[in-house]
Amino acid sequence: MEISNSMLIRTERLDKIYPLGPATIKALDNVSLSVAKGEFLGLVGPSGSGKTTLLNIIGSLDSPSSGSALVLGNRIELLSHKESSRLRNDHIGFIFQTFNLLPVYTVYENVEFPLLLLGTPSAQRTKMVMQALEWVGLAGRAKSKPSQLSGGQSQRVAIARAIVKKPEIVLADEPTANLDAANSHNIMKTMVDLNKELKTTFIFATHDEKVISYLDRKVTLFDGQIEKDELREPAR
Amino acid sequence: MIAFLWKGIVRDRSRSLFPVLIVTIGVMLTVFLHAYIHGAITMLIQTTAHFNTGHVRVMTKAYAKEADQIPNDLALLGTDTLLSSLQKQFPELSWTPRIRFGGLLDVPDKNGETRAQSPVFGFAVDMKNGNSPEWNMLNIKNSVIRGTVPAKRGDILIADGLATALQIVPGETITLIGSTMNGSMSVTNFTIAGTVRFGVSAMDRGTIIADLSDIQAAMDMQNGSGEILGFFRDDVYHMDQADRITKAFNAQHEHSIDEFVPVMGTLRTQSGMADYLDLIDAYSGVIIGIFVFAMSIVLWNTGLTGSLRRYGEIGVRIAIGEEKGHVYRSMLVESVFVGIIGSSFGTMFGLAIAYYVQEHGINIGEMMKNNSMMMSNVIRARITSFTYIIGFLPGLLATLLGTAISGIGIYKRQTAQLFKELET
């Protein structure tokens with residue numbers, strides 16, 4: 001596959017095999033995929049189709065059994081733990097199905113955490129955190145604890161945490177799975193706006209139709225293989 | 001980042017309160033036990049020095065060989081000369097002669113017939129001299145329960161318990177039947193000036209205290225004494241200095257073959273004290289070692305529970321881009337916070353309890369009824385500069401060690417596995 005300069009991610013003949021007792025299970029089978037900057041892409045498929053595994057490899061949380069995954073010029077399979085951490089810290093934001101906010105910290109402190117890891121100076125940190133909270137419409141809840149937030153608000157804090165450092169890529173694993181329909185649409189609209197405003201590349205692992213309806217590009221996985229890769233007109 | 005971690009510790013009680021409580025309790029016990037053991041050792045040394053061996057003791061070579069039998073026939077003669085020589089040669093110690101003796105105490109009735117009798121053990125000490133160190137060493141004035149201190153020739157003090165048992169009171173006359181240093185029978189009348197209680201079971205069972213000159217006369221030991229005791233002026237046993245003085249003194253007579261040549265021994269080398277002190281030192285080390293080990297296991301367990309509970313947090317931190325090593329180090333930093341706080345509180349509480357026991361003591365007299373050791377019935381803790389750090393460092397070390405061991409789990413877990421656990 002030809003890859004242009006704007007390609008952020010490229011996987012080639014990617015395999016991922018997990019041992020399962022005496023047998024093995026092939027979670028990814030010969031997956032080749034390219035993702036350009038600013039795409040709003042979804043990895044779609046039923047449970048066990050390999051979408052989370054692919055997301056983990058792109059996010060350098062896992063490495064392929066064979067094949068190659070190039071993310072922002074980094075060969076994932078060759079990265080050390082330290083280099084993987086640096087790649088995630090500098091360039092990738094994560095959004096989880098269960099929000100995973102740090103419960104003892106305030107909304108502000110949760111969003112601030114990635115910037116602390118980057119060593120961002122205090123004044124700049126404050127500015128960036130408040131900006132991120134404004135993007136997701138939660139500037140007024142900066143001092144709240146996660147336990148005081150609704151599910152939708154919690155997920156928006158998670159989004160703010162993922163985008164506060166303005167990463168090139170945001171990886172979201174079933175981000176609406178724990179939300180009702182109204183909140184799911186609000187969250188997706190927030191992410192669409194951020195995608196447009198910041199040109200951040202969003203990659204979702206999902207089987208939620210509400211999420212799928214917002215996608216520019218839908219990559220369907222089945223039994224670890226790409227079944228279909230289609231550009232689409234999102235219903236926004 | 002430190003401020004961030006600090007906030008987490010303060011707000012998450014399971015990360016702070018429980019471990020801090022464990023460390024506080026452990027350190028408190030260590031501090032108190034150390035102060036108590038140290039106090040007990042110090043009192044044992046002090047009591048043994050005051051009532052038995054002095055910090056150093058001079059005897060004849062022959063007497064020293066059988067000192068346990070109190071062989072007064074082998075006692076020092078020419079005590080005055082030897083005493084002034086010791087005072088001149090080793091002025092850092094107070095020197096005082098003593099005679100220990102035994103005998104039968106006979107209490108007569110109105111007709112002079114025996115009303116009661118009891119074997120007694122006695123000390124002849126210098127009470128004529130108002131500057132004699134014996135007043136302080138035996139705490140004579142404060143130990144008098146009834147009557148007064150001896151004021152005239154022939155006055156003695158008698159253990160209060162013995163006086164009660166024999167139904168005698170101050171002012172009465174008693175007869176001491178014993179032997180002179182030459183083996184002849186000695187029968188001497190004394191007047192009971194007062195009764196005493198030293199708070200040392202071995203002394204309070206049946207002891208009499210007489211003036212040195214009276215016993216010298218009774219035992220035909222003019223200018224003689226069983227032993228001359230030396231006490232450091234600050235009443236603290238300085239082991240190295242005592243060894244040095246003893247070595248210097250004994251070197252003067254090392255080639256003499258005379259059985260009656262004076263020899264000096266230290267508190268440590270007499271009455272098996274060296275073994276006691278070594279044993280107690282070893283126990284102190286073992287207690288601290290056990291504390292660090294036990295606390296490490298408890299805190300390891302606490303750390304493991306905390307790590308399991310914090311898998312979500314750790315996973316998300318790694319996903320965000322924090323290095324595993326950084327997570328591990330941050331946990332160690334947290335444990336240092338917990339260790340410092342717990343150890344500080346533990347040290348404070350331990351010192352407070354130790355101070356109370358130092359001031360008021362714990363009376364173990366009931367347990368010491370039949371004890372023959374020169375040991376006070378009231379054991380007091382003793383706070384020294386070492387007490388301030390004895391619990392602090394092990395407390396900090398145990399916390400750090402416990403976290404370090406439990407944190408290894410983070411390294412052993414694959415990143416993707418940790419990440420998956422976020423969703424469960």
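**Exercise 1.** Is Lys199(A) buried or exposed?

*Solution.* The model is a predicted one, and in it we begin by locating the residue: Lys199(A) sits in the loop between helix 6 and strand 8 (201-206) of chain A. Next we take the count for this residue, which is 11 other C-beta atoms within 10 Å. A residue is exposed if that count is 12 or fewer, and therefore Lys199(A) is exposed. As a further detail of its backbone, Lys199(A) is a residue other than glycine with a positive phi, near 60°.

**Exercise 2.** Decide on which side of the cut-off for burial Glu174(A) falls, and describe its backbone.

*Solution.* Glu174(A) belongs to the loop between strand 7 (169-173) and helix 6 (181-198) of chain A. Its count is 20 other C-beta atoms within 10 Å; since 20 or more makes a residue buried, Glu174(A) is buried. Its phi is positive, about 45°, although Glu174(A) is not a glycine.

**Exercise 3.** Work out how helix 1 (residues 2-11) and helix 13 (residues 324-360) of chain B are arranged, and what their contact consists of.

*Solution.* The two helices pack with their axes 10 Å apart, at an angle of about 60°, and this angle makes helix 1 of chain B oblique to helix 13 of chain B. The crossing of helix 1 of chain B and helix 13 of chain B is right-handed. To the contact, helix 1 of chain B gives Ile2(B), Leu5(B), Trp6(B) and Ile9(B), while helix 13 of chain B gives Ser330(B), Val333(B), Glu334(B), Phe337(B) and Val338(B). Sorted by class, the residues of this contact are seven nonpolar, one polar and one charged.

How values were computed. Residues numbered from 1 in each chain as written. Chains lettered and ligands numbered in written order. Predicted model: local features only at pLDDT ≥ 70, side-chain atom pairs only at ≥ 80, totals over all residues. Axes fitted to C-alpha atoms, helices over the stretch in contact; angles between N-to-C directions. Helix = DSSP H or I, 4+ residues; strand = E, 2+ residues; numbered from the N terminus. Parallel < 35°, antiparallel > 145°, perpendicular 65-115°, else oblique. Left-handed = near helix turned anticlockwise from the far one by under 90°. Contact = placed C-beta atoms within 7 Å. Nonpolar A, V, L, I, M, F, W, Y, C, P; charged D, E, K, R; others polar.
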